[in-house]
Every structure is written in structure tokens, then in C-alpha cells.
Amino acid sequence: MTRAAAPRRRRLLAAVLTYVGAVLLAAFLLAPFVWLFISSLAPLADLIQRPLQWIPPHASFDRYRTIFFGADGRDFRFALRNSAEVAGLATSISLVAGMLGAYALSRFPSRGRSGLLYLMLATYMTPPVAILLPLYLILSRVGLLNSVLGLALVYTSFLTPFLTWILKGFFDAIPEELEEAARIDGASRVGSLVRVVLPLSLPGVITAVLFGVILAWDEFLYALIFTSSTAAKTLPVAISEFTSRFAVDYGLMAAGGIVAALPPLILAFALQRYLIAGLTAGSVKG
Amino acid sequence: MPRIRTILTLLAIGLVGLTGLALAQDVTLRALFMQQAAYSDDDVRNMTADFEQQHPGVKVDIEFVSYEALHNKIITAAAAGGGGYDVVLFDVIWPAEFAQNDILVDITGRLSQSMIDQVVPGAWTTVMFDGHYYGIPWILDTKYLFYNKDMLQKAGISAPPTTWQELLDQAKTIKDAGIVQYPIVWSWGQAEAIVCDYTTLLSAFGGSFFDAGQPTFNQGGGLEALQYMKQSLDQGLTNPASTESLEEDVRRIFSSGQAAFALNWTYMYNLANDPAESQVAGQVDVVPAPGDGTHSQVSAVNGSMGLGITSGSTHPDEAYQYITYLTSQPVQEKYAKLSLPIWKASYDSAAVAQGQESLIAAAKQSLGAMYPRPLLIQYPQFSTWLQTDIHRALLGQLTPKDALDDTANNVIRDKLD
Amino acid sequence: MLLPALTVVAGVVGYPFLRTLYLGFFKAPLLGKTRTFVGLGNYLQAFERPEFRAAVGHTLAFTVGSIGLELILGVAVALFLDRAFVGRRILRALLILPLALPTVVNAVMWRWIYNPEYGALNALLTQTHLLPDYRSWLGAPGIAMAMIVVADVWKNFTLVALLVLAALQTIPVELHDAARVDGAGGVQRLRYITLPGIRPALLVALVLRTVEALKVFDIIYVMTRGGPASSTKTLSFLVYEEAFSFLQLGSAAAYAFLTVALILVFVAVYIRLLQSRGVAG
């Protein structure tokens, strides 16, 4: 063995180890989800076999047909619609409130205002169960129980602080001088926000929308308590009911899970650049 | 004068017309059901569609939630005041709580004695508290012992067990013959289901829950029941997956041929014999849950559910029409495959028995033996303690005696009523 | 301009929050017409209740277990992906998958994997002879909580990984080069360059994840409903049960506020940690 061969061999070993690690990581990340997908295609008889066959001999998209067109999928389709409406509505409201709030915090910082920011963040720490009941009674009094609008309003309470936080980070990065030019031309604060700051921080706005939709799509406890019928039940509630209702058809449960996961997954992958930017917005500044 | 008369007549016609219009205005009822197999969602939808057809002007919006969510939905709707449900499906264990909290309307005055007499006697206890009727029983249900005929035959067993001890003996024979690894499966997940199985055993061993307000389930038959459960688990005769199973898991395990015996509700009989749902279709038979031979010959728990009218309902009359329709004999006999009728006469009807003769035969014995779970206002709290402590014993954290003593002490400490 | 945001937050959270605080001093049945003032009675009673003490224990076990694993795994994966190799970008994109998966779907997915009779985990372990026979995972106390932790870690460690990865990329390469010239080894560089560089990101991840973990409800609700033997009953689940199953609003409110207090203790400790490090560094 020559002296030159040792480092080369070590480098080769490092490369091999790197790829072994990469494959293991990929498998760990993918395996559970892939199994969920396979389960949604395989006939029940294959799923409950022992020893389990990992690649089912027969696969079909029948369950997806059931979910989208069949009678058993009726409640699920309503839930899909409700989830989309709640997420869209809640994110829109929170985005407007969050943009104005973030702009104020970014442009006129003061001790009192940053206190407000922390106060808003503190609401994020409140466990939903702590406000569930009074909220329930309020919603019922104003007739917003079991309604998409009511649920969306509730969601704005945790989306707004979160979006404000993200947007403030983006607004801080835009030099104020850029706005001054606009204001000299007679634009108001709101005008310069709309015409100057927003276009420049478009990535921030996209990030905020992305987070709003993902968080609203994910929420479970409020939806569980505040909705009761197909008029307002969201996907997480419908999915949790799948487990008691279709305990016998694991495949249908899996198909429902896949369909419920697709919208946020597609959004997140399509906009992954913004997702990561949003995640790091708060942390890098420390 | 004739002029005036004409005007009056016209006015009268107008008034009648107006009231007629008011009558014709649609009444919409909101009804809450659970999504489970005893009367499937489709059954309930079809029954309701027929009702609407026969009662023009009354529309019913139906909602389904899981059993686990049913209690809390009824409660939260009541807490919110008006605008909630008109008709709710409720479990046998809730009338005390619901009556106390004024959730359900007392319909004692609406029921005729002849109607009361035509119903299977035990069924009424489902909806009664303190001598008053808070609804009409609808899903008359108890747990039966299901068995796989082919497996018993293969093990050389000629007849299903008639005592709980015999069940263990037969299960051991089947296990030793290598026919199935864990012969018995139960719904012993931490939920109301485990209390149902425990109650069945408690009644079989001659136990009771309370005597003069004092807990008695931690001694005698109540203690034996838990010891029996633990023993069957320790001997490997009960499937260990039972401790995380609910009724639907039991059905799947039994229907895929992984168990020789299962304790489950009525609905499993026809589903386990349906080739589309089961790999053991045609091999399934049913008998009443056995007794212990001395205190009892058969045992059963009252697992029925009733339909009631909520106190907040603004249309109690239409709501009453709706629940009497759903519980009526013709409707129940038409949908008798997953849930058996409440009417005595139905059990002698050839049409009802057709294709499910052994279920009807078992029902005739079991329904008379239905044992109630305790009638407590704070039943959900009691049940949660009991579920937890039974689990602790089954999973080896406490001895059966200590476990039941713990629940009993909690009851005494909090003066549960 | 802050008004809309504040209105939303104060209106939807502020009043109910104060209302719950108020109710915590009463014995208040959900449906009862009468309310009796009991002062701190609900709080004192909470500490006497074995259920409450157990729930605190389960919540802490879940929090410490999942956060610990998420940090270790997250940092390890971030360090791994910070190196240059082909395929790194694909892996980085894959980290988004668990993150975007709805929590309830994640819970349903793992429950299916853990199924005692047909689950993939049992199949995998028996086919590779690591386990002699199928077993129950969510039906055995102790193990059930560990399995829930695994499901939670799978979904959330990628958040830590992504945050740390972003922080790593802000550390100038020259810093490492200079240290190497000065003769610093890999361990030393990790300790004196990498760790200080990612500390802010780690702290954010730690606070976010801890607050979420202490509030945990949905994964428990879907996977075990607090069983077996109530060994996975966490504080949020206990509050839910106390209010909506047992109808005891007053004690539910007290439990909820003790949960808030627990969260505040954790956050205060974290902020303290950050500040002391900031001064020392």
C-alpha cells in the first residue's frame, strides 16, 4: 500500500458512507407515506394478509373513485370544500390584518408596540382548550357555530400573530428610503405600503399565504368542537371520523389521508423556496 | 248588508287561507345520529326520506357523528341554548345526566300504556330515569357470543360454551390444536366498550355495581369478572390486541378468521356472514353470552340506544312524529338486519327471523337478561375511572382488587351521584 | 394600522381567555344555572388529583421525549445536508414532506402502521426476524407513549433540520478555514464555530416545538384517546375531557391555566438561557 492510496481510500469510504446515509434518510422520510399510498391502492384482502406483501399484486384507484364520486365519499367531499373555504377565508383576513400590523411594527417601532408584538405572540402559547368554551358560547350566541365563517374567524386569531411576525421580518429588510420617494409624491402610508413595500416583499407575502393555508388546513381541535355537520366540518375532523367509521376498510382511510394531504403538500413543494425563507425569517435574526 | 256579509266571507276565506299557508310552511327538524353500523347511515337516510314523503311539510336534516363524539355534541349543543338539535340519539347510560341537566323532554305523557306494553320490557329502561320516559328505545342491543363453527368442529368441539369457564376450556383446546393463535377477541380498548364487556361478565358472576349508593363492584362478582378478563389474557387465550380494539376492530379480526370467539353487538351477525365483508362468511354462528352456571345461565349488558326530543326544540310535535315513525314496528322490521326491533311481536315474525334464525333465538334469551350499567348523573366520570382501572389491571400495573378499589375510592371521595 | 390585528387577537382570544380565568375560581357545571365561588379550590384540588398529576407527567414525557429526539435528529440531518454531495437538493426538498402533512393524517398513518394485527411495523419486524411475533404497540402502557413520540418526531424533526440548515449556511466558510489553519479539529470546530452559529435557530426551534408539544391534543385524540390505562392522557386531553365529558367547567379552566403556567415556565427558562449565553458570549 502506497502512502497516496490511503487518503483516496478514505475519501471513497466517506463518499460511500454519505450515500448510504442519504439513502437511509430518504427511506426514513418516504417509507411511511409510501406505505400509506400503497395501502390506498391495495385491496383489503391483500392488506390484512400475513405475511404481508409489500407490493400488492392487485392495485386499483377504486377508493379514490369512491371518495370523489361515490356515496361513501359524500361527507368527505363536503369536508374538502369546507377546508378550502376556511383556509382561504382565514388566510385572507389574517393577511390584511397582518400586513397592516407588520408594517406599523416595522416602520414605527416603539417600546409599547414591541410589547404588543410579544402580547400577540403570547396568544400563540395559549392552549386552545383554555379558550374553547367561552369561544363556543360566543359563537353560538352570534349564530356562527357550525359555520365556515365562524371557524375562519377563530382561525384568524392564531394566523394573524404568526403572519404579522413573518411579514415584519420581510418588511424590516426593505429600506425606508424607497418609500420616501413615493411619499414625497403624495402617497399616504397605506399607499406606500401597497405601492412600494408589498411589491418588493412579494416573497414574504407568498410565504405568509403558504403558512396561513397550511396551518388552517391542519387545525383540528377548534374544528372538532365548533362544527358538527357537513355544512362546516373540515377535513381533519372528517379524517378522524374515518378511523371509527371505516375501521374495517383501512384502505379507504388511507386514500382519504392521501387526498387530505395533497393540497398542502403540493403547495409546499411548489413554493418550497418561500417556505424555507419563511421558516428562517424569524430565526436568523435571533 | 249583503255587502258586509260578502266582505266577512272573503275575510274568513282569507284567514283560512293564511293559516293554511302557515300550516303548509315547512318545518325543518335537525336530528343527530351516530355513524356506526347498527342502522347504517344509508338506512337512516332511507327511513328519513320515507318519513318526509309521508309527512309533507316536515323536513329532517340529519347529521352523523362518531359514537365517541355523540355525548359531547349533545352537551355542547344544549349549553349553547336554542338553535340546536330537535331529535338526538342517546345511549342507555346518559338519561340520568340528561334528565338532571334538562337536555331531553319528558315524554311520559305522550306514551300510551298499550304502546308501552307492546315493547320488549327491558328496552324501556334504556330511556328511563326516576320513573319518567325521556325518549323511545330504538336500537335494542346487547353483546352476544359469536363463534366460528368450522374452528370449533376442527377442534372436536360439538357445541358452543354454556359457561364462561367452558369458553376458556374450548379456547385452550383450539389454541393447543394450533387452529388459531388467540382464540378470543374482545373490545377492550380504553373506551365505553370495555365497560360493556365488563358489565356482561359482572352480571354473569352475580355481581353488582352499587348497593344503597355504596360501590360493590370491587367484590364478589365484580371482582371475579375482572379476574376472569385478566386470566384469559395471561393464558394467551384472549388476543392481546384486544386492549386497543373497539367493536369494529373486533369485527375485522373475527371476520378475517383470526379468532374463534368474539363478543360483539347484534350488527356483526349479518356482516360477518356477508362474503363481501368477511372471509368466514357462512361459518359464523351466535349464542347468548354464557353465564357462570350458578348465578346465571346467560348474561348480557343493556347496550341499547334511544331517540329523544331536546328541551330546546321548537317543534316537539313534529319531532315526536319523527321518532315514533323511526321506532315503529313496520320500519324496524324492514331494517332488521343490523339492529333488532323493540317490539315483542317482531320476535315471532317469520319475515324478521328469516335468514337470521339463530340471532333471533339468541336475542330471545339475551334481551331478557340485559344488565344495566349504573345509573349515575356523573356516569362519564365514573366510566373513565373504571376504564382506566380495568386497563391497569389487565396490563399488570395493579391487581384486579386494587384496581377496582381505586375506582370505588374515587366514587366515595367525590360523592358521585 | 395595528388595530385590525389587535382587534382580531383581542376579540377572539382576549375575552375568552379572561373568561376562562374567571371561571377557574368557580365550581361551574357546564349546563348548570348555578355557580359557586370556590376561590383557589379548583387549583388546589388539581394538585391532589392523581389524574392531573399523571397528565402532567405524560405531557412532560411526551415533550421531553419528542423535543429531545427532534433536536438530535434535526441537527444531525442538518449537519449531514450541509455537506456538498449530489442529491442533496432532493433530500432537502423531501424534508418538506412530513412538515406539510396534516397532523391528523400523520396520526392516522402511524396508527395504521402500528396496527397490532395488520400493521406494517409488525410485518417488517417479524419478516426480518427482529420480533418473534406480532404485538400490540398502542395497547401497552409505556410503549404506547413511545410510539406516539416516534410518530411526532417523524413529522416534526424536519422543522428543526430546515431551521438549523438555514443557519448553517450563514456561517462563513472562511471561519472554518481559519480555524483549520490554526489546527482546530472537527470536534473543536463544531463546538466553537458551528454550535454558536446555530444557537439562535435552535432556540427558535426549541421554543416553537416545546409550546406545540405542551399543548398536544390531536395526535393523542386520533391515536389512543388517552389509553391504554390512561397512560397517554396529556393535559390538553384532560381539559377537553373535564369540560366536555364531565361538564366541570371550573376545574377544566383551572387545568387549562396550569397548562399555560407550565408553558410559561419553559419559555421563561429558554429566554433566560439565551440571555445568559448572550452576556457570556
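**Figure 1. Burial and overall make-up of chain C.** Of the 281 residues of chain C, 58% count as buried, where buried means under 20% relative accessible area, exposed over 50%, and partly exposed in between (1.4 Å probe, protein chains only). This is a predicted model, in which local features need pLDDT of at least 70, side-chain atom pairs count only at pLDDT 80 or more, and totals for chains, interfaces and linings use all residues. Residues are numbered from 1 along each chain as its sequence is written, chains are lettered from A and ligands numbered from 1 in the order in which they are written, and side-chain values use heavy atoms, with hydrogens and water left out. Chain C has 13 helices and two strands; helices (H or I, at least four residues) and strands (E, at least two) are DSSP runs, numbered from the N terminus. Taken along the principal axes, the C-alpha atoms of chain C fill a box of roughly 75 × 55 × 35 Å. Among chain C contacts (heavy atoms within 4.5 Å) between residues at least 6 apart in sequence, 65% join residues at least 24 apart.

Figure 2. A nonpolar core is a set of buried Ala, Val, Leu, Ile, Met, Phe, Trp, Tyr and Cys residues joined through side-chain atoms within 4.5 Å. Which members of the largest core touch the most other members? They are Y155(A), F226(A), F33(B), W138(B), W164(B), Y198(B) and Y114(C), out of 325 residues. Helix α8 (residues 143-168) of chain C gives the most to this core, contributing 17 residues. A second, separate core has six residues, including C196(B), Y267(B), V301(B) and L338(B).

**Figure 3. Around W164(B) and Q170(B).** Not counting residues up to four places away in sequence, W164(B) touches a set of residues of chain B, among them W186(B), L201(B), F205(B), Y228(B), L263(B) and P290(B). Have a look at Q170(B) too, which lies in helix α8 (residues 164-176) of chain B. Q170(B) is buried, with a relative accessible area of 6%. Leaving aside neighbours within four places in sequence, Q170(B) is in contact with L152(B), I157(B), A159(B), P160(B), P161(B) and F261(B).

**Figure 4. Where a helix of chain A packs on a helix of chain C.** Helix α13 (residues 250-270) of chain A and helix α6 (residues 103-113) of chain C pack at an angle of about 150°, with their axes 10 Å apart. Axes here are lines fitted to C-alpha atoms, for helices over the stretch in contact, and angles run from 0 to 180 degrees between N-to-C directions. The two helices are therefore roughly antiparallel to each other, a label for angles over 145 degrees, while those under 35 count as roughly parallel, 65 to 115 as roughly perpendicular and the rest as oblique. On the α13(A) side, Y250(A), M253(A), G257(A), A260(A) and A261(A) meet V105(C), V108(C) and W112(C) in α6(C). By class, this contact has seven nonpolar, one polar and no charged residues; Ala, Val, Leu, Ile, Met, Phe, Trp, Tyr, Cys and Pro count as nonpolar, Asp, Glu, Lys and Arg as charged, and the others, Gly among them, as polar.

**Figure 5. V216(C) in its loop.** V216(C) sits in the loop between α10 (186-214) and α11 (218-223) of chain C. Is V216(C) buried or exposed? V216(C) is buried, with a relative accessible area of 8%. Apart from neighbours within four places in sequence, V216(C) is in contact with F62(C), T234(C) and S236(C). The C-alpha atoms of V216(C) and T63(C) are separated by 8.7 Å, although these residues are 153 apart along the chain.

**Figure 6. Backbone details worth a close look.** Most residues other than glycine have a negative phi, and most peptide bonds are trans. The peptide bond from R50(A) to P51(A) is cis, with omega near -5°, and P51(A) lies in the loop between α2 (44-47) and α3 (62-69) of chain A. Another cis peptide bond joins G227(C) and P228(C), with omega about -10°. R225(C) has a positive phi near 50°, lies in the loop between α11 and α12 of chain C, and is partly exposed, with a relative accessible area of 25%. A212(B) also has a positive phi, near 50°, and is exposed, with a relative accessible area of 76%.
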